[in-house]
Amino acid sequence: MTTTTAKPGVLLTMGRALTQLRTQLREIGLNLSVWDENGRLAGKFQTPCQFCQMAQESRAGCIEAAESLAIKLMHDGRQAQSVSPCGCSLIGVPIYQRRRLLGAAVACYLPRSLVEDEAFNRLCDRLKIDRQAALGMAQPFCRHELSQADDFLKILGWMLAREQAVQTSQEELGNLSANLASTYEELGLLYAITGSMNINRQPRDFLQNVCSQILEVMNISAAAAVVHAKRPSEDEIVVVAGDMNLDAVQIKLLADEFVARKLIRDQDPAIENDFGHAYGAAGNIRNLIAVPLVSDERTIGVLMGFNKRSGDFNSVDVKLISSLGTQTAVFLEYSRLYADMKDLLMGVLHAMTASIDAKDPYTCGHSQRVAIISKRLAEACGLSAEHAQRIYLAGLLHDVGKIGVPESVLRKPGRLTDEEYDSVKRHPAIGARILGGIRQLEDVVEGIVTHHERLDGRGYPRGLKGDQVPLEGRILGLADSFDAMTSDRTYRRAMSLTAVTDEIKRNAGTQLDAVLVDKLLSMDLSAFMDELSILVPNPLGLDAIGSKECK
């Protein structure tokens, strides 16, 4: 049988199985000794009775015979038996683990024939003890016949194999449990990260969450992410979680100069478990793990973990951070695509509103100002950022229906006729029809179609009353009225801020929502108007809001 010799100490991995085997053999009257691959006794040689102890002290015991038998077992690679000088029966089997020779197991017992043999009398004389006293010590332990050695040899081999199998199963079960626990943590982390992949979420917030999540799961002291700018006008993103003695500039330098150039090859994850010794203890970094963030075969950033709290980074850590890197890169790519689409949409919407405002030079910039005022009111009401953004879009598009109103009516300097006014009153419904077919804008149509409704029911186009007017319509209605009063029109000059405030108060509860009026008037309106004049200059320089002409 071909075998390989085990490395020193490998026998210790079987400690649990051998301990259990020793206990079981003792119960049937056999004493077990274990010998390593070098023929050395592993542990202490235990004698079953005082007679054996005395024989051992006179070098007539079993230990030397057991050692000789163990060496023979490892040399021949098969089971064997012998008899010690004191007459004990010895049986032994070699110990293998996956075809590796670990050592030998030798068991001995006192046969019943021992006390009847003349050699027993000579041994008593050598030990200088009375034969009857020796019988009293040994006879209770003489439980088996010498002829049973063959049977005990088979039992020893079977029990050893069984205990080895039990220990192997327990170790595999332990490894499986550890792997399952690790996998559960990994799946839990990936589930949490995936659940946070809201396309509207800012990349910096998402990356901060990723770094914070992996601190505990990977048992590290710090984590960092660096994302390269896509355009020259953008800034690189650097986020850190945990204890790190490096600032954003140093972390970026570490990612660019060390991780990207020295560790990561072919866009693969990398480990450096001796970072401090090899590269200096910058920022007290002892070891690190890094994975590139890859999108469309381009490296767009790097995710890093620092200073594992127990031991070194290993393949399990590589698997985990690789999965996180993949998820993070996917989010960043989708986030960038979403940002590009959003920029395109906003560009189209601004172009559309500019074309509408261009029909009347005196209302140029009106839609943008209403959008800004509406969003500010939405925020003052405590609405979510997403809801406030939808209201901003509704404000931007609230007059899109005026594309169906003749320019002669929009630009008429005098009072409108009833027929002309009816034409103007159709623009909310026209706007709703124009935008109604765009699925992405369905949730802003309600505000557009109701921004001229009044709480007293005298508004248009539906004549809604009180709570029938949705919040979006009430917000847009107040923003529209405020900008109309503070802007020059063809039929009048802009009103003073005091007059505007008085007019808004007078219409609170009838035309305008009283709660929203309080929100608006609680602002520093003078500063707000100055802010609007910078963001969206008013036409012709005729009022306090702006001084540039609308082009």
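Q: How far is the sulfur of Cys 52 from the closest cysteine sulfur, and which residue holds that one?
A: In this predicted model, the gap is 3.5 Å, and the partner sulfur sits in Cys 49. That is too far for a bond, because a disulfide needs the two sulfurs within 2.5 Å.

Q: Are Cys 52 and Cys 88 buried or exposed?
A: Cys 52 is buried, at 9% relative accessible area. Cys 88 is buried too, at 2%.

Q: Switching topic: where does Arg 22 lie?
A: In helix H1, which runs over residues 15–27.

Q: What's the nearest side chain of opposite charge to Arg 22?
A: Glu 163, but it's 11 Å away. Arg 22 is buried and yet has no salt bridge.

Q: What does Arg 22 touch, then?
A: Leaving out residues up to four places away in sequence, Arg 22 touches Leu 32, Val 34 and Gln 46.

Q: Next, helix H20. Which of its residues are buried?
A: H20 covers residues 525–535, and the buried ones are Leu 525, Phe 528, Met 529, Leu 532 and Ser 533. They span an arc of only 145 degrees around the axis, so they fall on the same side of H20.

Q: What covers them?
A: Among the elements over those buried residues are helices H11 (366–380), H17 (471–485), H18 (497–507) and H19 (514–521).

Note on methods: Residues are numbered from 1 along each chain as its sequence is written. This is a predicted model: local features need pLDDT of at least 70, side-chain atom pairs count only at pLDDT 80 or more; totals for chains, interfaces and linings use all residues. Side-chain values use heavy atoms; hydrogens and water are left out. Buried means under 20% relative accessible area, exposed over 50%, partly exposed in between (1.4 Å probe, protein chains only). Helices (H or I, at least four residues) and strands (E, at least two) are DSSP runs, numbered from the N terminus. The arc is that of the directions from the helix axis to the C-beta atoms. Contact means heavy atoms within 4.5 Å. Lys and Arg count as positive and Asp and Glu as negative; His and the chain ends are not counted. A salt bridge is a side-chain nitrogen of Lys or Arg within 4 Å of a carboxyl oxygen of Asp or Glu.
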